[in-house]
Amino acid sequence: MKNIEQYKDMIKPFLSQKRFYHSVCVCESAEALAKKYGADQERAAVAGILHDIMKDTPPEEQLKMMTRYDIVLSDVERSAQKLWHAMLGAAYLENEFEISDREILDAVRYHTTARANMTLLEKVIFIADFISADRDYFGVDNMRKAAEISLEQAMVEGITFNIKDLAASYRPIHPDTIAAYNQVVLMYK
């Protein structure tokens, strides 16, 4: 595994300046959350810096690359272009950056949808993406407070936020998101 500075240099050509800054902020948030909740800080930083590597790749190119990596989209995934970069990112990192750490790859893969039975590292990246220093959406302060209280509370808040946002605009909700929501709500109560 390379160090963070090497990964920063590697992802810079893929990302706009704004997206690169976001990735650095997620990296820092992930490291802080990992320290607070007992996850591996180095792996959290790596997953954080790499999580959006494919985000600025044009959709047509993303589809071509997914075909190359044998990624088959479900109907829900095909209709949700916002999810593609996570799926493709994990495949790209595995195939082109030769990252073999399954947990890092899964943290990248599920940082948009979440899923049931998430590892600690996956939860850290999911929440770090919500609360990174560059985020300024309505409700981010509540998310940051939830992340200070417990990772589980932050997961409930984050997944609920996603579901409400998708439902409000009549967009499909990925089955992994529903499964994650059901699990965290049942565990959190």
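Predicted model: local features only at pLDDT ≥ 70, side-chain atom pairs only at ≥ 80, totals over all residues.
View 1. Buried means under 20% relative accessible area with a 1.4 Å probe, protein chains only.

**View 2. The surroundings of L50.** Leaving aside residues up to four places away in sequence, L50 touches Y7, I11, L93, F97, I99 and V108. A contact here is heavy atoms within 4.5 Å.

**View 3. The helices of the protein chain.** You will find 11 helices and 0 strands; helices are DSSP runs (H or I) of at least four residues, and strands (E) of at least two, numbered from the N terminus. Of the 189 residues, 50% count as buried. Among contacts between residues at least 6 apart in sequence, 60% join residues at least 24 apart.

**View 4. Charged side chains.** The chain carries 23 positive side chains (Lys and Arg) and 29 negative ones (Asp and Glu), with His and the chain ends not counted. The centres of the two sets lie 4 Å apart, each charge being placed at NZ of Lys, CZ of Arg, CG of Asp or CD of Glu.

**Notes.** Local features need pLDDT of at least 70 and side-chain atom pairs 80 or more, while totals for chains, interfaces and linings use all residues. Residues are numbered from 1 along each chain as its sequence is written, and side-chain values use heavy atoms, without hydrogens and water.
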